[in-house]
Amino acid sequence: VMNEQRKVIYQLRREILSDQENLGLVKGMIEDVSEMLLAAYRPGHKTPIEQWPWKEMAKSFQATFNTNKEISDDECLKEFDNDIDKYFAVTALELLEQKLSQYDEEQIKIAAREILLSTFDQFWKDHLLAMDHVKEGINLRAYAQKDPLTEYKRESFNLFEEMRSQIKKAIVEN
């Protein structure tokens with residue numbers, strides 16, 4: 001389990017160090033984070049967009065993407081034909097482009113690489129510690145008539161996916 005997770009992280013680190021598509025990686029993370037943000041506020045099916053919690057969504061959008069830009073259902077309706085997923089993603093990507101336009105391309109590459117690497121490394125170290133804690137207590141699952149190996153795989157997968165989500169959010173916020 002740990003070896004497979006290590007392969008994924010080390011492959012990502014190699015790609016980041018090669019400086020090929022770091023901005024593309026960040027843009028993909030922005031889209032993923034905007035989807036996660038919407039998922040947290042998405043009401044039940046068939047709820048009109050005007051009835052969504054726009055004040056809370058706007059505050060969360062501003063905090064996540066580090067901006068003062070106001071988002072609204074009117075703008076979503078007028079410019080994006082009520083496609084709220086596209087509205088959040090496009091707005092966030094436009095904010096990134098505005099911020100990056102103020103800097104030299106070489107500075108952007110260096111900053112992106114450093115932010116990506118330091119964030120991945122920190123979260124990976126935290127994940128390794130969490131995995132050690134899971135290993136220590138996993139044998140207790142046998143008392144509950146559960147297979148410790150299966151439980152370890154399930155918990156480690158959940159921890160890994162949570163780490164990936166947290167990495168995306170941390171990078172976007174930075």
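Tyr87 is buried, and Phe88 is buried too. The model is a predicted one.

Tyr87 and Phe88 make an edge-to-face aromatic pair. Across the whole structure, a search finds five aromatic pairs. One of them joins Phe61 and Phe88, again edge-to-face. Phe61 sits in helix α3 and Phe88 in helix α5. They are 27 residues apart, and their pair links distant parts of the chain.

| Pair | Centre to centre | Angle between planes | Class |
|---|---|---|---|
| Phe61 and Phe88 | 5.1 Å | 75° | edge-to-face |
| Tyr87 and Phe88 | 6.0 Å | 70° | edge-to-face |

Phe61 has a relative accessible area of 0%, so it is buried. Phe88 has 1% relative accessibility and therefore counts as buried as well.

## The nonpolar core

How many residues make up the largest nonpolar core? It has 43 residues. Those with the most contacts inside it are Ile30, Trp54, Phe61, Phe65, Ile84, Phe88 and Phe120. Seven helices are listed as giving two or more residues each: α1 (2–18), α2 (22–41), α3 (54–65), α4 (73–80), α5 (84–100), α6 (105–137) and α7 (148–173). In soluble globular proteins, nonpolar side chains tend to be buried together.

Phe65 shows what such a residue touches. Beyond its neighbours within four places in sequence, Phe65 is in contact with Ile30, Val33, Ser34, Leu37, Ala92, Leu95, Lys99 and Val172.

## Helix α4

Which residues of α4 are buried? They are Asp73, Glu75, Cys76 and Phe80. These residues cover an arc of only 160° around the axis, so they lie on the same side of α4. The cover over the buried residues of α4 includes α3 and α5. Just after α4 comes Asp81, which takes a positive phi of about 50°.

Thr119 lies in helix α6. Is Thr119 buried or exposed? Its relative accessibility is 7%, so Thr119 counts as buried. Its side chain reaches the backbone oxygen of Ile115 at 2.7 Å. Leaving out neighbours within four places in sequence, Thr119 is in contact with Ile167, Ala170, Ile171 and Asn174.

Gln122 also belongs to helix α6. At 39% relative accessibility, Gln122 counts as partly exposed. Gln122 and Ile167 are 45 residues apart in sequence. In space, their C-alpha atoms are 9.2 Å apart.

His127 lies in helix α6. With a relative accessibility of 4%, His127 counts as buried, because the cut-off for buried is under 20%. What does His127 touch, leaving aside its neighbours within four places in sequence? Its contacts are Gln5, Ser156, Leu159, Phe160 and Met163.

Key:
Residues are numbered from 1 along each chain as its sequence is written. This is a predicted model: local features need pLDDT of at least 70, side-chain atom pairs count only at pLDDT 80 or more; totals for chains, interfaces and linings use all residues. Side-chain values use heavy atoms; hydrogens and water are left out. A nonpolar core is a set of buried Ala, Val, Leu, Ile, Met, Phe, Trp, Tyr and Cys residues joined through side-chain atoms within 4.5 Å. Buried means under 20% relative accessible area, exposed over 50%, partly exposed in between (1.4 Å probe, protein chains only). Helices (H or I, at least four residues) and strands (E, at least two) are DSSP runs, numbered from the N terminus. Contact means heavy atoms within 4.5 Å. Rings of Phe, Tyr and Trp (its six-membered ring) pair if their centres lie within 6.5 Å; planes under 30 degrees apart count as stacked, over 60 as edge-to-face and the rest as tilted. A polar contact is a pair of N or O atoms within 3.5 Å; within protein, one must be able to donate a hydrogen and the other to accept it, and residues adjacent in sequence count only if both atoms are side-chain atoms. The arc is that of the directions from the helix axis to the C-beta atoms.
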